[in-house]
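Visitor: Could you walk me through this structure, please?
Guide: Gladly; let us look at it together.

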Number of protein chains: 2
Amino acid sequence: MKKTPHLSLSGARFSVSYSLSGNKKEALAKAKDICYEQTVEFPEDLIPEGDIGKEIVGQAESFKKIGVNHYQVHISFAVETAGTELTQLLNVIFGNISLKPGIKVEKAELPAQILNLFPGPRFGQAGLRKVVQVHQRPLVCTALKPMGLGPKELAEQARLFALGGIDIIKDDHGLADQPFCPFKERIPRCAEAVRKANRQSGKSSIYMPNITAPADLLRERAVFAKKSGAGALLIIPGLTGLDSMRLLASDHNLNLPLVSHPAFLGSFVTSRQNGLSHYFLYGQLMRLAGADAVIFPHYGGRFSISREECSEIGRGCGDRMGELKPTFPVPGGGMTRKSIEDMHALYGRDFILLIGGELHRRNGDLLENSRFIVNMLEGGG
Amino acid sequence: MKKTPHLSLSGARFSVSYSLSGNKKEALAKAKDICYEQTVEFPEDLIPEGDIGKEIVGQAESFKKIGVNHYQVHISFAVETAGTELTQLLNVIFGNISLKPGIKVEKAELPAQILNLFPGPRFGQAGLRKVVQVHQRPLVCTALKPMGLGPKELAEQARLFALGGIDIIKDDHGLADQPFCPFKERIPRCAEAVRKANRQSGKSSIYMPNITAPADLLRERAVFAKKSGAGALLIIPGLTGLDSMRLLASDHNLNLPLVSHPAFLGSFVTSRQNGLSHYFLYGQLMRLAGADAVIFPHYGGRFSISREECSEIGRGCGDRMGELKPTFPVPGGGMTRKSIEDMHALYGRDFILLIGGELHRRNGDLLENSRFIVNMLEGGG
């Protein structure tokens, strides 16, 4: 093929570190494969001379052994390959190679040209603390459940949780718009219940409905929730697409904190050899896409995640990413003194404890159970 | 907790078969876990008496051994748990349990109440054949590449491919809206090139741009592509969300065939123990979401997929799903007589052969190479 014209690229590059499984020869082949597959998707010997081979094809910047049959490579890409879009950035980072085994995205290093495209979390940790007026201790969040209860019963739960001092009262992530609990009936009822309880308690608890919806209804639900008095919004980006969360986060008229739920995203993180690292998915990606807080399972509970992976998420939520605000890690599960102490060790003071069904246990008194857990957090663990 | 009111459910249920890794005891525990985790997400002993436990919690309908430490369970769910939405249907099928290892969705059995919610492929195999006016042989598709070329150069490729008789000329999936190849310049140029070539050849080749875009730009790009003369649209649901594809497919004003690209979805299918089966992801889900044709890597190429998995996809694209039209499997890679013969064996006559970089090889003459491959297909393999 003929020589291609000069591309006039800026020279700025972003880089991604991948871990690669296999022996050295296999890992080197994978590294090279990423450089081509994620950009030109074209055999090396057919690439036209000139800028495409020099600038568009990814470049392996470093390669090292990190374990037995385990290597790490840093690959840089011209920022222009990603255009100005989160969708295309993800496509370059992990589009086609998601289909190949033994390649895992560990971390992205994004220059200002890319970070500046994404406002990131609108509220972040400080903003969300302001909303619920809690500045010293970790926040606490619980869920209205189980699926099958109606709006009235869930609103009564919401009232008790708010009176008990729970900061964020969210819909269970399985509540959508079912006939036994219609969205447009549930949201005003629960929001009203929390508002009333706040008036009684003097606190600033918020109701956070699940607005996950078909593509044509997502914004409508967000707006309806806001009008009904929701204090934040729960969204499942694995179902809506990550970019839909980014769009809501950048919506000045909406202007509500967004909290991401990990449903349907598990396949990206359940393998040690493939997919995305916890750091990248729950930390970097969710922040790029504007989550003010990121729900994930705390280790030791009913999900498979290690203490080290939780620690990674904590770092990913707070590590410097240009001007992007830090987001709250929201570990789910664990309401013993010991587990809360360990969360302090992992995340510092800035996390949101998510308690589900266990808050219903003890003596069955939701108000008293809520007070118990808030007291425990106020006691410093 | 008190007894819950009567839920007045229809009694209709959908069911999902999961394969489970582990010994019998572990697999039984996983089966039970799915029933609770995917619905009430609540400890069994705290479920209120009445309809929630009886109707909302999933029900294991059958359980059997399918291999060493490998079991299969059919679990049924009340159709009402999924509301009327693809997002929530996916949430019930694989939301939270995606985060647990050793659970894989094999197949869904959906009753009319659910299938009727989704029009599915608008064109399907027969409709797409009509668009390109090819009724007897498999169709053939290729991609404009490599990334880094400008609109003019890609339009020239498109012209040669169309003159050579390639039915569908698509953007490479890495072409988005980059400064070196802006969407709004590329699409009219390539569409025009194909139109001109058709006038010359008397054929009905189509140009299929990649409209994958941020959530707020997706429909705009689709409409722009249609106005520019695109004959079909390429979309990457792993980046936009599956439901965004469904929405475009149901758009009567748009009325163009949609072809899905598997980028970023690989993590769902690279593990034998976790995630989604090829049958479910590339067959059932893509059809529910309205893809008229589904791209995936053919086995033996540069991706990891087995012949049996390809065969699964072929079945998933065509197996009866209520009134949903069959969709085209689009295996990527392989332009030897032998590989094409094997595609016939796997998919019958109704597939679309996708050839990428290899079409540029042979003698470097795109027009002649295109004719060569079309002739091979017309010869019956």
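**The largest cavity**

Visitor: Which residues lie nearest the centre of the largest cavity?
Guide: In this predicted model, local features need pLDDT of at least 70, side-chain atom pairs count only at pLDDT 80 or more, and totals for chains, interfaces and linings use all residues. Residues are numbered from 1 along each chain as its sequence is written, chains are lettered from A in the order in which they are written, and side-chain values use heavy atoms, with hydrogens and water left out. A cavity is a set of points on a 1 Å grid over the protein atoms alone where a 1.4 Å probe fits but cannot get out, and its lining residues have an atom within 4 Å of a point. The largest cavity is lined by 23 residues, and nearest its centre lie A:Pro237, A:Gly238, A:Phe268, B:Pro237 and B:Gly238.

Visitor: How much space lies in the largest cavity?
Guide: Searching the whole structure turns up nine cavities of 30 Å³ or more. A volume here is the space filled by probe spheres set on the grid points. For the largest cavity it comes to about 270 Å³.

Visitor: How many charged residues does the lining of the largest cavity have?
Guide: Asp, Glu, Lys and Arg count as charged, while Gly is among the polar ones. The lining has 19 nonpolar and four polar residues, and the number of charged residues is none.

Visitor: Why do the buried residues of H8(A) line one face of the helix?
Guide: Buried means under 20% relative accessible area, found with a 1.4 Å probe on protein chains only. In H8 (residues 218-228) of chain A, the buried residues are A:Leu218, A:Arg221, A:Ala222, A:Ala225 and A:Ser228. Seen down the axis of H8(A), they line one face because they fall within an arc of 130°.

Visitor: Is A:Leu128 buried or exposed?
Guide: A:Leu128 sits in helix H5 (residues 124-132) of chain A. Beyond its neighbours within four places in sequence, A:Leu128 is in contact (heavy atoms within 4.5 Å) with residues including A:Phe123, A:Ile206 and A:Phe328. Its relative accessibility is 0%, so A:Leu128 counts as buried.

Visitor: Which are the edge strands of the five-strand open sheet in chain A?
Guide: The order is S2-S3-S1-S4-S10 in chain A, with mixed pairing. Two strands pair if DSSP finds at least two bridges between them. Each edge strand pairs on one side only, and these are S2 (59-67) and S10 (275-276) of chain A.

Definitions and conventions
Buried means under 20% relative accessible area, exposed over 50%, partly exposed in between (1.4 Å probe, protein chains only). Helices (H or I, at least four residues) and strands (E, at least two) are DSSP runs, numbered from the N terminus. The arc is that of the directions from the helix axis to the C-beta atoms. On a 1 Å grid over the protein atoms alone, a cavity is a set of points where a 1.4 Å probe fits but cannot get out, and a pocket is an open set with protein on both sides within 12 Å along at least five of seven lines; lining residues have an atom within 4 Å of a point.
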